[in-house]
Structures are given as C-alpha cells and as structure tokens.
Amino acid sequence: SLRQVFWPPAWRELRGVRAKYFRDQSEAHLAAGRIRDALAALRVANDLGPLDYDTGMLAAQLNHLIRPEQADAEYRRLYDLHP
C-alpha cells in the first residue's frame, strides 16, 4: 500500500508483503504445472520470510519431487525452527 511505501515506520511490513507476493506467485505457477518456477518463487519467499512454516513446508514438498536431498535439508530446517 502507499502507506507502507511512504511512511517509514511501515517499511518493516514490506518484507512480509513481498514474501506473500512470491508465495502467491508460486501457487499460480503450481496451478499451471510449472513446478520449477513455483520452487524459484518459493525460494525467494523463504529468503524474505524464513520463519513462515507453510512456505517452508510447501518448498520441502515440491523439492521432494525434484531434489530429495534439498527436501531433507528443508525438512531439517523446519524441524529446527518449529519442533
């Protein structure tokens, strides 16, 4: 929103908004059957919001289809953050 762009105290919200944007993009890619594009968008969302369990779990599940070793690392990270 314009408030988040022009009002400095609201700037800390932008990271979460950007993470949600990339999460929504990944879901659109997934609906279209583009798993690699969905994973790329999820990686960005994970970088912006590393504590978001749902994004991390979706990334781990999609990685399980393509790169199981990466999925194991993601599951391990999620378990460490959310025991």
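Which residues does Asn63 touch, not counting residues up to four places away in sequence? Keep that in mind. We will get there by way of the whole chain.

Some ground rules. This is a predicted model, where local features need pLDDT of at least 70 and side-chain atom pairs count only at pLDDT 80 or more, while totals for chains, interfaces and linings use all residues. Residues are numbered from 1 along each chain as its sequence is written, and side-chain values use heavy atoms, with hydrogens and water left out.

The overall picture, then. The protein chain has five helices and zero strands. Read from the N terminus, the order is α-α-α-α-α. Helices here are DSSP runs of H or I with at least four residues, strands are runs of E with at least two, and numbering starts at the N terminus. The C-alpha atoms fill a box of roughly 45 × 35 × 15 Å along the principal axes. The chain's accessible surface is about 5600 Å², and carbon and sulfur atoms hold 60% of that. Those areas come from the Shrake-Rupley method with a 1.4 Å probe, and for residues only the protein chains shown count as cover.

Now, buried or exposed? Buried means under 20% relative accessible area, exposed means over 50%, and partly exposed is in between, with a 1.4 Å probe and protein chains only. Of the 83 residues in the protein chain, 30% are buried. A contact means heavy atoms within 4.5 Å. Take the contacts with a separation of 6 or more: 40% of them join residues 24 or more positions apart.

Helix α1 covers residues 2-6, and Val5 sits in it. Val5 is partly exposed, because its relative accessibility is 44%. Together with Leu2 and Phe6, Val5 forms a nonpolar surface patch of about 350 Å² accessible area. A patch takes residues with over 30% relative accessible area and no salt bridge; like charges are joined within 9 Å, and nonpolar side chains (Val, Leu, Ile, Met, Phe, Trp, Tyr) within 5 Å.

Next, helix α2, residues 14-31, which holds Arg18. Arg18 is partly exposed at 47% relative accessibility. Arg18 and Asp54 are 36 residues apart in sequence, and their C-alpha atoms are 15 Å apart in space.

How many aromatic pairs does the structure hold? One. The ring centres of Tyr21 and Phe22 are 5.3 Å apart and the planes meet at 80°, so this pair is edge-to-face. The rule: rings of Phe, Tyr and Trp (its six-membered ring) pair if their centres lie within 6.5 Å, with planes under 30 degrees apart called stacked, over 60 edge-to-face, and the rest tilted. Tyr21 itself is partly exposed, at 47% relative accessibility.

On to charges. There are four salt bridges. A salt bridge puts a side-chain nitrogen of Lys or Arg within 4 Å of a carboxyl oxygen of Asp or Glu. I will show some of them.

One joins Asp24 and Lys20, at 2.8 Å from N to O. These two are four residues apart in helix α2, so about one helical turn separates them. Lys20 is exposed at 51%, and Asp24 is partly exposed at 35%.

Another links Asp37 and Arg34, at 3.4 Å from N to O. Asp37 is partly exposed at 36% relative accessibility. Arg34 is partly exposed too, at 39%.

Then there is Glu74 with Arg77, whose closest N and O atoms are 2.8 Å apart. They lie three residues apart in helix α5, residues 68-81, so again about one helical turn separates them. Glu74 is buried at 9% relative accessibility. Arg77 is partly exposed at 24%.

Now helix α3, residues 35-48. Its 14 residues should span 20 Å at 1.5 Å a residue, and the end C-alpha atoms are 20 Å apart, which agrees. The expected span is 1.5 Å times one less than the number of residues. The buried residues of α3 are Ala38, Leu39, Ala41, Leu42, Ala45, Asn46 and Leu48. Their cover includes α2, α4 (53-66) and α5.

Back to the opening question. Asn63 is in helix α4. Asn63 is buried, because its relative accessible area is 5%. Setting aside residues up to four places away in sequence, Asn63 touches Leu39, Pro68, Gln70 and Ala71. Leu39 is one of the buried residues of α3.
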